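Have a look at it first.

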Amino acid sequence: MKKETIKQIILTADEGMYLTNGDTYGKTVVLPEDADQSIWYEISEAEYNEIQEAVT
């Protein structure tokens, strides 16, 4: 049996917000420990909905 411990960074958006890096969107993002978390930022749910409408 192999056992491995992995450290991760979990970012969770505030209420009514979404997280994005400009390409991916979500309420929760799980990153590897050494990932650059500074590229993630929050946008409002209204902004998210506008982006999704523009894509479709």
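So, contacts to begin with: if you take the contacts in the protein chain with a separation of 6 or more, residues 24 or more positions apart account for 34% of them. Bear in mind that this is a predicted model.

What is the chain built from? One helix and five strands. The radius of gyration is 14 Å, well over the 10 Å that the globule rule gives for 56 residues, so the chain is more spread out than a compact globule. Reading from the N terminus, the order of elements is β-β-β-β-β-α. The C-alpha trace spans about 50 × 20 × 20 Å along its principal axes. And as for burial, 21% of the 56 residues count as buried.

Now the strands. As a reminder, strands of a sheet pair through backbone hydrogen bonds, either parallel or antiparallel. Here we have an open sheet of three strands, in the order β3-β2-β5, with antiparallel pairing. Which strands stand at the edges? That would be β3, residues 25–26, and β5, residues 41–44; each has a single partner strand, so one side of each is left without a neighbour in the sheet.

Let's go through the pairings. β2 and β5 run antiparallel and are joined by four bridges. Within that, M17 sits opposite S44 of β5, and Y18 has I43 as its bridge partner in β5. On to β3: two bridges pair it with β2, again in the antiparallel sense, and there L19 is opposite G26. β2 and β3 make a hairpin with four residues between the strands, and in it G22 takes a positive phi near 100°.

Then there's the helix. α1 covers residues 45–55 and lies across β2, β3 and β5, at about 80° to β5.

That leaves another pair of strands, β1 and β4. They run antiparallel too, with five bridges joining them, and L11 stands opposite V29 of β4. In a regular strand the side chains alternate between the two faces of the sheet. Keep that in mind for β4, where V29 and L31 make up the covered face, while T28, V30 and P32 are on the uncovered one.

What makes up the largest nonpolar core? Seven residues: I9, L11, A13, L19, V29, L31 and W40. β1, residues 8–12, and β4, residues 28–32, each supply at least two residues of this core. L11 is a handy way into it: skipping residues up to four places away in sequence, L11 touches L19, K27, T28, V29, L31, Q37 and W40.

T20 is in strand β2, residues 17–20. Is T20 buried or exposed? It counts as buried, because its relative accessibility is 2% and the cut-off for buried is under 20%. Its side chain reaches the backbone nitrogen of G22 at 2.9 Å, and G22 is the residue with the positive phi in the hairpin. If you leave aside neighbours within four places in sequence, T20 is in contact with Y25, I39, W40, Y41 and I43. W40, you'll remember, belongs to the largest nonpolar core.

Not counting residues up to four places away, M17 touches K27, E42, I43, S44 and E45. S44 in that list is also the residue opposite M17 in β5. For a distance, take E50: 33 residues along the chain from M17, with 13 Å between the C-alpha atoms.

Last one, D36, in the loop between β4 and β5. D36 has 46% relative accessibility and counts as partly exposed. What does the side chain of D36 make a polar contact with? The side chain of S38, at 2.5 Å.

Definitions and conventions: Residues numbered from 1 in each chain as written. Predicted model: local features only at pLDDT ≥ 70, side-chain atom pairs only at ≥ 80, totals over all residues. Heavy atoms only, no water. Buried < 20%, exposed > 50% of the residue type's maximum accessible area, 1.4 Å probe, protein only. Polar contact = N/O pair within 3.5 Å; in protein donor to acceptor, adjacent residues only side chain to side chain. Contact = heavy atoms within 4.5 Å. Pairing = 2+ DSSP bridges. Axes fitted to C-alpha atoms, helices over the stretch in contact; angles between N-to-C directions. Core = buried A, V, L, I, M, F, W, Y, C linked by side-chain atoms within 4.5 Å. Rg over C-alpha atoms; globule rule 2.2 N^0.38 Å.
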